[in-house]
Amino acid sequence: MTETRTCEFDHNNNPKKNTRSTEELKDGFSGLPYSGVEDGLSRLPCFGVEDDKGEILEDGFSGLPCSGVEDGLCGLPCFGVEDDKGGILEDGFAEKGKKKRRICEMGRLNDPLVVLGSDIMLMILSCLDARSVALCLLVSCGWKAVASSDKIWSSKCEELWQGKTHLPRIAKVNDLLKLAVYSLSIMDGKRKRIRKEDLYDHVWEFHFTEAAPEYWRMLDPYWNGTGRPLRRYFLPDGSQTAEPDDKIWGGHESCYSIVTSVLADGKIRAHYVRINRWPPMYVTRKEDWSWEISNNFCTYRSIPDADKKDGTGPLFLLH
């Protein structure tokens with residue numbers, strides 16, 4: 001830093017007025033005048049300095065006077081300073097913000113929901129498959145409002161339930177949105193763990209397998225072709241019954257239980273139904289949402305009952 005003083009004399013030996021009324025310190029980086037106090041962090045130019053025309057330059061950040069040139073640290077022009085053409089210089093942040101707003105505005109004008117309207121979009125989405133409509137829920141809040149309409153998902157539920165052997169009890173709850181009903185129906189259809197409600201809500205067809213003794217198979221209509229398959233009924237109290245004319249049943253008492261063993265990580269190791277002292281009957285879920293429990297000697301299959309008013313199975317899903 002160097003200190004300079006300027007003073008001129010007239011012919012009468014009287015000192016003229018100083019061209020600078022204060023002492024000025026020059027910055028070694030830019031040569032700009034400073035207020036005389038160094039800023040250890042940024043060395044910002046001093047405030048209140050006059051330009052060559054005697055006008056005060058202002059700082060665009062705070063409205064305070066500044067040098068009106070670029071900041072030596074970042075090279076960005078001061079805000080609020082006019083360029084050579086008289087225009088106001090703008091920072092990069094403001095320009096980026098304007099560009100984003102222009103892009104958003106262009107995207108909004110190209111949005112089919114804005115162009116076509118919600119009624120036409122509702123008709124279009126109704127023609128899509130359920131997966132495509134579900135993806136439309138992620139586009140925006142406006143698209144979600146249209147794509148979650150009960151008018152769309154009521155028909156999707158009917159398509160989903162068509163050809164299914166059983167309908168879950170959750171599907172018959174009237175207060176739920178159809179989108180939620182569709183999702184819960186899918187979850188229940190993938191459920192592999194049978195519940196007690198699944199056993200006593202359905203009527204079951206029974207027949208022996210080929211591995212069963214021949215004497216038993218000869219009494220079974222499934223093998224001798226003398227009538228419809230035998231039926232079994234699971235009751236809520238844990239007992240099992242059959243029809244009065246069932247020759248195999250013979251009127252003996254029977255009870256059942258559901259056995260599930262779970263590993264430490266939560267995975268199911270074994271899951272089966274035990275009837276009296278018979279070998280375990282392992283559970284299978286079919287693609288049409290029907291159930292099958294079987295062992296080496298006999299097989300139970302649930303009879304279709306999708307027309308039940310209140311649905312079947314547990315109200316709350318357990319996997």
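Where is the place of Trp289? The points below return to this after some notes on the model.

1. This is a predicted model, in which local features need a pLDDT of at least 70 and side-chain atom pairs count only at pLDDT 80 or more, while totals for chains, interfaces and linings use all residues. Residues are numbered from 1 along each chain as its sequence is written, and side-chain values use heavy atoms, with hydrogens and water left out.

2. The pLDDT, which is the predictor's confidence in each residue on a scale from 0 to 100, averages 77 over the protein, and 65% of the residues score at least 70. Residues 15-49 have a pLDDT below 50, and beyond near neighbours in sequence this stretch has 55 contacts in the model, a contact being heavy atoms within 4.5 Å. The pLDDT is also below 50 over residues 56-81, a stretch with 48 contacts beyond near neighbours in sequence.

3. An unreviewed UniProt entry lists residues 119-157 as "domain: F-box"; UniProt positions are given in the numbering used here, feature names are shortened, and annotations may be inferred rather than shown by experiment. In the model the chain over residues 119-157 is 77% helix and 0% strand, with its end C-alpha atoms 21 Å apart. Helices (H or I, at least four residues) and strands (E, at least two) are DSSP runs numbered from the N terminus.

4. A search of the whole structure finds 11 aromatic pairs, where rings of Phe, Tyr and Trp (its six-membered ring) pair if their centres lie within 6.5 Å, and planes under 30 degrees apart count as stacked, over 60 as edge-to-face and the rest as tilted. Phe208 and Trp216 are stacked, because their ring centres are 5.3 Å apart and their planes stand at 25°. Phe208 is buried at a relative accessible area of 3%, whereas Trp216 is partly exposed at 32%; buried means under 20% relative accessible area, exposed over 50% and partly exposed in between (1.4 Å probe, protein chains only). Ring pairs link both residues into a cluster whose members include Trp204, Phe206 and Tyr256.

5. Arg232 lies over the face of Phe206, at 4.3 Å from the ring centre. Elsewhere, the charged end of Lys172 sits over the ring of Trp161, 5.9 Å from its centre; the rule asks for NZ of Lys or CZ of Arg within 6 Å of the ring centre and within 35 degrees of the ring normal.

6. Trp289 is placed in the loop between E9 and strand E10 (291-294), and has a positive phi of about 70° although it is not a glycine. Most residues other than glycine have a negative phi. Trp289 is buried, with a relative accessible area of 6%.
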